[in-house]
Amino acid sequence: MKMIKKLRVLFCFVSIFTAMQGTAQTQPEAYRLYDSKGKVITYDQLVKEITKVDVVFVGEIHNCVITHWLEQKLLNSLYKIHRKELKMGMEMFESDNQLILDEYLQGQITGDRFEEEVRLWPNYSTDYAALISYAREHHIPVVATNIPRRYATAVKEHGLSYLDSLSTEAKAYMAPLPICFQTNESVEQGFALMGLMGKNKNANPRQIAEAQAIKDATMAWRIAQNLQGKFIHFNGNFHTDNHDGIIPYLLQYKPGTTYTVVRAVRQEDISHLEDDYKGIADFYICVPEDMTTSY
């Protein structure tokens with residue numbers, strides 16, 4: 001009789017445990033970090049690896065709040081290690097705004113005047129202001145690496161040869177001409193998709209690629225000019241996918257430069273890195289597709 005009671009109690013425990021297992025929910029995750037082979041790594045492991053190179057490229061998704069939060073963390077971590085050797089570069093600022101950017105970072109103009117005069121991206125306040133504030137507080141030089149958009153637009157409309165007609169002063173804001181035009185497969189595929197969706201439908205594909213190339217070359221040139229210690233650069237992921245875009249130009253302008261690429265990706269399931277992403281970067285910030293975006 002006692003044995004039967006014990007068996008009943010054991011059965012109840014098993015039933016309760018089974019029911020609990022059936023209703024258990026997976027703990028939500030905001031992101032995971034992976035290496036190039038799809039192995040999960042820790043944040044400390046990522047920082048340890050990226051401190052070894054001259055230039056760290058962070059290929060971001062422009063509206064991804066988790067990526068921007070991690071950019072701030074990476075900047076903080078690299079600054080604590082490299083201190084005065086560290087510089088930061090940003091695609092989001094154009095080279096002809098370098099003086100205004102420097103004046104703000106050095107406290108010579110107010111934040112209101114800075115925001116009034118610099119051509120800021122619409123998502124500056126939500127996604128990039130914190131990086132600039134950190135750089136200002138810790139006296140980290142910030143390099144405006146992108147070509148002024150009016151020149152990139154001119155190339156998209158008229159081709160690279162149009163730049164030859166510009167003044168010497170204008171040419172100072174871009175990579176030395178002529179650039180060695182290098183096609184970027186990731187960019188071409190992206191613009192082909194945009195064409196199918198109705199954007200840039202009437203644009204010349206070659207000239208669109210050339211406009212992206214002068215952006216890549218100018219970002220590389222600006223990095224090379226300012227690379228004396230360590231450098232972290234924030235750009236859209238297609239500018240550094242497959243170690244293409246900016247990188248071949250950088251190696252042309254400053255041979256022997258060591259670099260690594262950290263790439264943001266969105267996936268429905270972040271428990272693993274999807275095979276399509278493997279190999280296009282050295283490290284990954286993997287974020288759920290349903291994560292909140294800034295715009």
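**Notebook: a look through a predicted model**

I began with helix H10, where 16 of the 21 residues are buried, so the helix is largely enclosed by the rest of the structure. Buried means under 20% relative accessible area, exposed means over 50%, and partly exposed is in between (1.4 Å probe, protein chains only). Helices (H or I, at least four residues) and strands (E, at least two) are DSSP runs, numbered from the N terminus.

I noted what I was working with. This is a predicted model, in which local features need pLDDT of at least 70 and side-chain atom pairs count only at pLDDT 80 or more, while totals for chains, interfaces and linings use all residues. Residues are numbered from 1 along each chain as its sequence is written, and side-chain values use heavy atoms, with hydrogens and water left out.

**Whole chain**

I looked up the secondary structure and found eleven helices and eight strands. Of the 295 residues in the chain, 47% are buried.

**Helix H10**

H10 covers residues 205–225 and reaches 30 Å from its first C-alpha to its last, close to the 30 Å expected at 1.5 Å a residue. The expected span is 1.5 Å times one less than the number of residues. At the start of H10, I found a side-chain oxygen of Asn-204 within 2.9 Å of the backbone nitrogen of Arg-206.

Arg-206 also forms a salt bridge with Glu-210, with the closest N and O atoms 2.9 Å apart. A salt bridge is a side-chain nitrogen of Lys or Arg within 4 Å of a carboxyl oxygen of Asp or Glu. Both residues lie in H10, four residues apart, about one turn of the helix. Arg-206 is partly exposed, at 47% relative accessible area, whereas Glu-210 is buried at 9%.

**Strand E4**

Which strands pair with E4? I found five bridges from E4 to strand E6 (residues 230–236), running parallel, and four to strand E5 (residues 142–146), also in the parallel sense. Two strands pair if DSSP finds at least two bridges between them. Leu-86 has Lys-230 as its bridge partner in E6, and Met-88 has Val-142 in E5. Nine of the nine residues of E4 are buried, as are five of the five in E5.

Glu-94 stands opposite Asn-146 in E5. I then checked Glu-94 for charged partners: Arg-119 forms a salt bridge with Glu-94, with the closest N and O atoms 2.8 Å apart. Arg-119 is in the loop between helices H5 and H6 and Glu-94 is in E4, so the pair ties together parts that are 25 residues apart in sequence. Glu-94 is buried at 5%, but Arg-119 is partly exposed at 29%. The two also belong to a network of salt bridges that includes Asp-96, Arg-149 and Arg-150.

**Asn-63**

Is Asn-63 buried or exposed? Asn-63 is buried, with a relative accessible area of 16%. I located Asn-63 in the loop between strand E3 (55–60) and helix H3 (65–82). The side chain of Asn-63 reaches the backbone oxygen of Tyr-295 at 3.2 Å. Contact means heavy atoms within 4.5 Å; beyond four places in sequence, Asn-63 contacts residues including His-68, Asp-127 and Arg-266.

**Pro-288**

Last, I looked at Pro-288 in strand E8 (residues 283–288). Pro-288 is buried at 9% relative accessibility. Pro-288 and Glu-268 are 20 residues apart in sequence, and their C-alpha atoms are 5.5 Å apart.

Note on methods:
Polar contact = N/O pair within 3.5 Å; in protein donor to acceptor, adjacent residues only side chain to side chain.
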